Amino acid sequence: MRVWIVFLLCLAGHAMAAPTEEEPVVEELVTEEPVVEEPVDEEPEVGANPVQVEVGEFDEAIDLVEEDVAAENPCLNFNCKKGKVCEVDDSNTPLCVCQDPSTCPAAEAEFEHVCGTDNKTYDSSCHFFATKCALEGTKKGHKLHLDYIGPCKYIEPCQDSELSEFPLRMRDWLKNVLVTLYERDEDNNLLTEKQKLRVKKIYENEKRLQAGEHSLDLLAHDFQKNYNMYIFPVHWQFGQLDQHPDDGYLTHSELAPLRAPLIPMEHCTTRFFEACDADSDKYIALEEWAACFGVKEQDVDKDLIV
């Protein structure tokens, strides 16, 4: 569980600082459960959204162009989508063009590989997004998304019984991630003051189930017994993901930072999020998200997404 909390932590700070421009396409979350080696060589820096990988790494929509020493360079601080780079035209006006995949840095380790929804392994997220950019405007490009982190592999089918177990672990991860963020937020840059006040109530509650290895029966019992502790964590994660744009709906792209790292470790991830889209309109509304995690309709509150 410790591995997951650290992994989730890696997401919060970066997600809060992520730009809120046009929708991204990251297909790229937290607390403990599946103990699988992180796709990182060293412990990630505290300050990134818990249930997802660093947003900047997989945010297809927005990617700050590397600073150029030449202050007069029009491309300096010019934003382009992931998969595109800035160039200047004859009038010295900056514009975004698709990056040539061959210009992407070569992957140094297997964890840098990513798997696309075309079941093809790409050398890195840079190679994937550059390839996707070149396919813009085509049917193939429209359907191509980053599926998960790591090389493509066989993902075991999710059985009905397993699907019902997934939210039990997920809710526990989210709650523990928030508690950990609260404990480490000395500089007030991981949680807002309103968020800290809500998490403080959970943190100080003597009935709180401590982070650790727990049976599914215990997790289910704790959810029934301490139901109110889980309401805010579920809302909080929705708010962390709903940023491109912040419109009350989660797209495939916005879910990516949470899905991509989870799929190789939790084979029910894809089926779970597909089931969350109850009306099959390709968007997950807050009400649908809450229902997926067992939050009652009367407890869904947009004001909790601060």
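Cys80 is buried, at 2% relative accessibility. In this predicted model, Cys80 is joined by a disulfide to Cys96, with an S to S distance of 2.1 Å. Cys96 is partly exposed, at a relative accessible area of 28%. The torsion about the S-S bond of this pair is about -90°, so the disulfide is left-handed. Cys80 sits in strand β2, residues 79–80, and Cys96 in strand β4, residues 94–98. The pair therefore ties together parts that are 16 residues apart in sequence.

## The disulfides

How many disulfides are counted? The count comes to seven. The table lists three of them.

| Pair | S to S distance | Torsion about the S-S bond |
|---|---|---|
| Cys80 and Cys96 | 2.1 Å | about -90° |
| Cys104 and Cys126 | 2.0 Å | -75° |
| Cys158 and Cys268 | 1.9 Å | about 95° |

Take Cys104 and Cys126 next. Their sulfur atoms lie 2.0 Å apart. The link is left-handed, with -75° about the S-S bond. Cys104 is buried, with a relative accessible area of 7%. Cys126 is buried too, at 18%. The cut-off for buried is under 20% relative accessible area.

Helix α3 itself is mostly covered: eight of its 10 residues are buried. These are Ser125, Cys126, His127, Phe128, Phe129, Ala130, Lys132 and Cys133.

The link of Cys158 and Cys268 has its sulfur atoms 1.9 Å apart. Is it left-handed or right-handed? The torsion about the S-S bond is about 95°, so the disulfide is right-handed. Cys158 lies in the loop between β7 (146–149) and α5 (160–184). Cys268 lies in the loop between α9 (252–262) and α10 (269–276). The pair therefore ties together parts that are 110 residues apart in sequence. Cys158 counts as buried at 12% relative accessibility, and Cys268 counts as buried at 2%.

Strand β4, which holds Cys96, pairs with strand β3, residues 84–88. The pairing is antiparallel and runs over five bridges. Lys84 has Cys98 of β4 as its bridge partner. The hairpin of β3 and β4 has five residues between the strands. In this hairpin, Asn92 takes a positive phi near 65°.

An open sheet is formed by three strands in the order β6-β5-β7, with antiparallel pairing. Which strands stand at the edges? They are β6 (121–122) and β7. Each has a single partner strand, so one side of each is left without a neighbour in the sheet. The antiparallel pairing of β5 and β6 covers two bridges. Val114 stands opposite Tyr122 in β6.

In a regular strand the side chains alternate between the two faces of the sheet.

## Helices α5 and α6

Helix α5 meets helix α6, residues 193–203. Their axes come within 9 Å and cross at roughly 110°. That makes α5 roughly perpendicular to α6. The range for this class is 65 to 115 degrees.

Which residues make the contact? From α5 come Lys175, Leu178, Val179, Tyr182 and Glu183. From α6 come Lys196, Val199, Lys200, Ile202 and Tyr203. By type, the contact of α5 with α6 divides into six nonpolar, no polar and four charged residues.

An α-helix has 3.6 residues a turn, so residues three or four places apart point the same way.

Met170 also belongs to helix α5. Is Met170 buried or exposed? At 0% relative accessibility, Met170 counts as buried. Met170 and Val234 are 64 residues apart in sequence. In space, their C-alpha atoms are 9.2 Å apart.

How values were computed. Residues numbered from 1 in each chain as written. Predicted model: local features only at pLDDT ≥ 70, side-chain atom pairs only at ≥ 80, totals over all residues. Heavy atoms only, no water. Disulfide = S-S within 2.5 Å. Helix = DSSP H or I, 4+ residues; strand = E, 2+ residues; numbered from the N terminus. Buried < 20%, exposed > 50% of the residue type's maximum accessible area, 1.4 Å probe, protein only. Pairing = 2+ DSSP bridges. Axes fitted to C-alpha atoms, helices over the stretch in contact; angles between N-to-C directions. Parallel < 35°, antiparallel > 145°, perpendicular 65-115°, else oblique. Contact = heavy atoms within 4.5 Å. Nonpolar A, V, L, I, M, F, W, Y, C, P; charged D, E, K, R; others polar.
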